[in-house]
Amino acid sequence: MSDATEFRLSLAEGVPLVHAMVSRVAHDAGIRALLIKGPILAMQGLRRPRQSGDVDVLCDPPSAHELGRTLANLGWTATEEHPEKPKVLEPLGNNWIHPRWPCNIDLHHRFLGFYAPPQVVFDAFWERRAQVQIASQPVICPHPLDSAMIHGLHLLSGPELVFTETDLDDLVRFLKESLTADQKRALAERAASLRAADTLAPVLERAGFPRLGRNHLAGADAADWRLRRLASETKGVVWLEELRSAGSRGWFRLVVRALTFDEKTTLHAEQHRRPFDRASLIARRLAAAIRYLPRAIRVLLRARDE
Amino acid sequence: MTPQVAVWRRSPDAAFVDAEGRVAALALQSLDDLGARLLTGPAAAIWRALEAHGDEPSIAAAVADDLSIQADVVREDLHLFLSRMEDEGLVERL
């Protein structure tokens, strides 16, 4: 009696199993962690079923490193940010890969769009956490209404996502039709308490929510949200913003880095110890900059005027 | 004395996905860096039979029916296979 000799999992197999694995690993290590987005959204009625490509985890912030170490013990590797990559946006977590699994794990210690302290946000989600069955195992996840906020912010932060409009419509319909007026008010208050009322406003307003806690996002937080949204839709925005922040002393070095740094090429050369053609890289980067920088500049200037 | 018939069940700590004609199973209580086990053909049929059957004769009959083969053929290796899956943490002997 033989079983499979091949060992290649599909995403349809790997994603559910990794959900179950991470939830179990965290539980056994005494780490509070919530599996977010992905198949959970469909199970909670927030999105149409669709194959996910990765597994998202929102971890209790002080325990994120420990969860990472636990994953490392199981053969997972954190993909390191290249030291020359723009740093103007604070990382929200890190990404883990494994040679035997077809999907990544995105391990978040903070979720974008919530500007209350990460610990406050996580504790709020954990307090009313839910559970679903994935791969026949219990998986801890946010309450459906907290998942709705997470999903909404994810959609609003990346307008270029393929399914964005459909997903937004489905989310708005769910919020509009499934909640009573009191529940809408309660969720609007919760969004305000987590400092996500302004970031979620486009969704909440379409769904007929009361305008609570609005116009409180300002300063560095408002700039962060604006930059994250712009960066996802327009190339070059993050480099330009880092250039602006560098000031006159650092701008020359930054320009050189922007022209010569190509993450994939640099990493490949470093890994394979081969020199790469820097001149042709610069030429390609200049050509690309000519294509996308004007739009990036217009986008940033328009955002600043708003 | 009648020999005791082994009774089996899927481990409650086994995560699994049954799709695309095969079963991908992962023993959560004994994770390592090797990842999941892929069960195809007779192995997948045994896993599915465990949903409703626990004793080896019933499992063998269900698998034989599923695969349109003789139950005796299934029974030859069934106990050994289930024992291996027990060692891997995917099934339990009751």
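This is a predicted model: local features need pLDDT of at least 70, side-chain atom pairs count only at pLDDT 80 or more; totals for chains, interfaces and linings use all residues.
Strand 2 (residues 54–59) and strand 5 (residues 104–108) of chain A are parallel and joined by 5 bridges. Another bridge partner in strand 5 of chain A is A:His108, which pairs with A:Leu58.

Helix 1 (residues 11–28) of chain A packs on the sheet and touches strand 1, strand 2 and strand 5 of chain A. Helix 4 (residues 118–127) of chain A also packs on the sheet, where it touches strand 1 and strand 2 of chain A.

Strand 2 of chain A is largely enclosed by the rest of the structure, because 5 of its 6 residues are buried, that is, under 20% relative accessible area. Strand 1 of chain A runs antiparallel to strand 2 of chain A, with 4 bridges between them. In this pairing, A:Ile36 has A:Asp56 of strand 2 as its bridge partner.

The sheet as a whole is open, with 5 strands in the order 1-2-5-4-3 and mixed pairing (chain A). Strand 1 (33–36) and strand 3 (77–79) of chain A are at the edges; each has a single partner strand, so one side of each lacks a neighbour in the sheet. From one strand to the next, the twist averages 30°.

Key: Residues are numbered from 1 along each chain as its sequence is written. Chains are lettered from A and ligands numbered from 1 in the order in which they are written. Side-chain values use heavy atoms; hydrogens and water are left out. Two strands pair if DSSP finds at least two bridges between them. Helices (H or I, at least four residues) and strands (E, at least two) are DSSP runs, numbered from the N terminus. Axes are lines fitted to C-alpha atoms, for helices over the stretch in contact, and angles run from 0 to 180 degrees between N-to-C directions. Contact means heavy atoms within 4.5 Å. Buried means under 20% relative accessible area, exposed over 50%, partly exposed in between (1.4 Å probe, protein chains only).
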